[in-house]
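Subject: Handing over a structure

Hi there,

I am passing this one on to you, and you will find the sequence and the structure just below. After that come my notes on what turned up when I went through it.

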Amino acid sequence: MSLKLDTIRAAAQRVAASHDLDLVDIEFQGGGKFRTLRIFLEKNAAERAKLAETANPDELPKGVPVEMLSGVTHEDCSQFARDFGTVLDVEDLIPGAEYTLEVSSPGLERKLYSAEDFTRFQGNLVKVQTFTPINNNRQWQGRLVKFADNTATVDLSAIKQKGKAKKAATEQTVDIPLANIEKANLVAEI
């Protein structure tokens with residue numbers, strides 16, 4: 001029996017929604033007795049908006065905008081893990097007996113997957129790797145200043161460029177089509 005990651009993802013989304021959470025990502029790694037299912041969660045948009053309204057700036061990590069926080073607590077992760085673990089076992093979604101279920105927030109340097117992610121995190125520092133080179137470079141780091149028409153515009157002057165990126169940075173900004181982004185993540189500004 002093979003692992004059906006899409007089925008597991010759908011089940012995780014269903015359980016997350018019942019806890020006012022959004023599923024950010026799911027990973028399954030390892031083999032034999034060392035298999036690990038990692039689930040990354042954040043509060044849903046309504047809960048994040050409440051958090052932004054009620055957050056005490058003195059209680060937030062220094063230099064971290066409230067928009068970057070997932071709002072997920074240990075208790076959220078614990079309750080989700082208990083309920084989702086039951087669903088995994090009852091629906092037998094992971095063949096075999098042994099695996100580890102890890103549930104956490106996506107972290108400050110979360111991965112960016114969708115157009116919604118790029119739109120939401122405009123103004124933040126990002127690190128982007130492309131499938132094909134742009135100006136002979138695949139690694140870009142800078143401030144995501146705009147996301148429009150499925151293209152991310154990264155301001156390269158926000159960070160001192162190194163190596164190939166320094167040579168490739170002939171302009172102050174680089175436009176990267178979403179279809180050319182292999183992976184991207186936020187860069188924490190602490």
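A term to begin with: two strands are said to pair if DSSP finds at least two bridges between them. Helices (H or I, at least four residues) and strands (E, at least two) are themselves DSSP runs, numbered from the N terminus.

Before the details, a word on the basis. This is a predicted model, in which local features need pLDDT of at least 70, side-chain atom pairs count only at pLDDT 80 or more, and totals for chains, interfaces and linings use all residues. Residues are numbered from 1 along each chain as its sequence is written, and side-chain values use heavy atoms, with hydrogens and water left out.

The overall picture

The chain has five helices and eight strands, and their order along the sequence is α-β-β-α-α-β-α-β-β-β-α-β-β. Its C-alpha trace spans about 55 × 45 × 30 Å along the principal axes. Of the 190 residues, 39% count as buried; here buried means under 20% relative accessible area, exposed means over 50%, and partly exposed is in between (1.4 Å probe, protein chains only). Taking contact as heavy atoms within 4.5 Å, 59% of the contacts between residues at least 6 apart in sequence join residues at least 24 apart.

How the strands pair

Strand E4 (125–134) has two partners in these notes. Six bridges join E4 to E5 in an antiparallel arrangement, with Ile-134 opposite Asn-137 in E5. E4 also pairs with strand E8 (residues 181–186), again antiparallel, over five bridges; there, Val-126 has Leu-186 as its bridge partner.

Strand E6 (residues 151–155) and E7 run antiparallel and are joined by five bridges. Thr-151 has Pro-177 in E7 as its bridge partner. In a regular strand the side chains alternate between the two faces of the sheet.

Two nonpolar cores

A nonpolar core is a set of buried Ala, Val, Leu, Ile, Met, Phe, Trp, Tyr and Cys residues joined through side-chain atoms within 4.5 Å. The largest has 20 residues, and those touching the most other members are Ile-8, Leu-37, Ile-39, Leu-41, Phe-80, Phe-84 and Leu-88. Helix H1 (5–18), E1, strand E2 (36–43) and helix H3 (74–90) each give two or more residues to this core. Setting aside neighbours within four places in sequence, Phe-80 is in contact with Ala-12, Val-15, Ala-16, His-19, Leu-21, Ile-39, Leu-41, Gly-85 and Val-103. There is also a second, separate core of 17 residues, which includes Leu-144, Val-154, Val-174 and Ala-184.

A pocket to look at

Which residues line the second largest pocket? They are Asp-22, Leu-23, Val-24, Glu-42, Arg-110, Tyr-113, Ser-114, Glu-116, Asp-117 and Arg-120. On a 1 Å grid over the protein atoms alone, a pocket is an open set of points where a 1.4 Å probe fits, with protein on both sides within 12 Å along at least five of seven lines, and lining residues have an atom within 4 Å of a point. Strand E1 (21–29) and helix H4 (115–120) each supply at least two residues of this lining.

Loops and the chain end

Two residues other than glycine are worth a look for their backbone. Most residues other than glycine have a negative phi. Asp-20, in the loop between H1 and E1, has a positive phi near 60 degrees and is partly exposed, with a relative accessible area of 38%. In the hairpin of E4 and E5, which has two residues between the strands, Asn-135 takes a positive phi near 55 degrees. Asn-135 counts as partly exposed because its relative accessibility is 43%.

Asp-149 sits in the loop between strand E5 (137–148) and E6, and it counts as exposed because its relative accessibility is 76%. Asp-149 and Asp-76 are 73 residues apart in sequence and 35 Å apart in space, C-alpha to C-alpha. Ile-190, in the segment after E8, is exposed, with a relative accessible area of 75%.

Enjoy exploring it!

Best wishes
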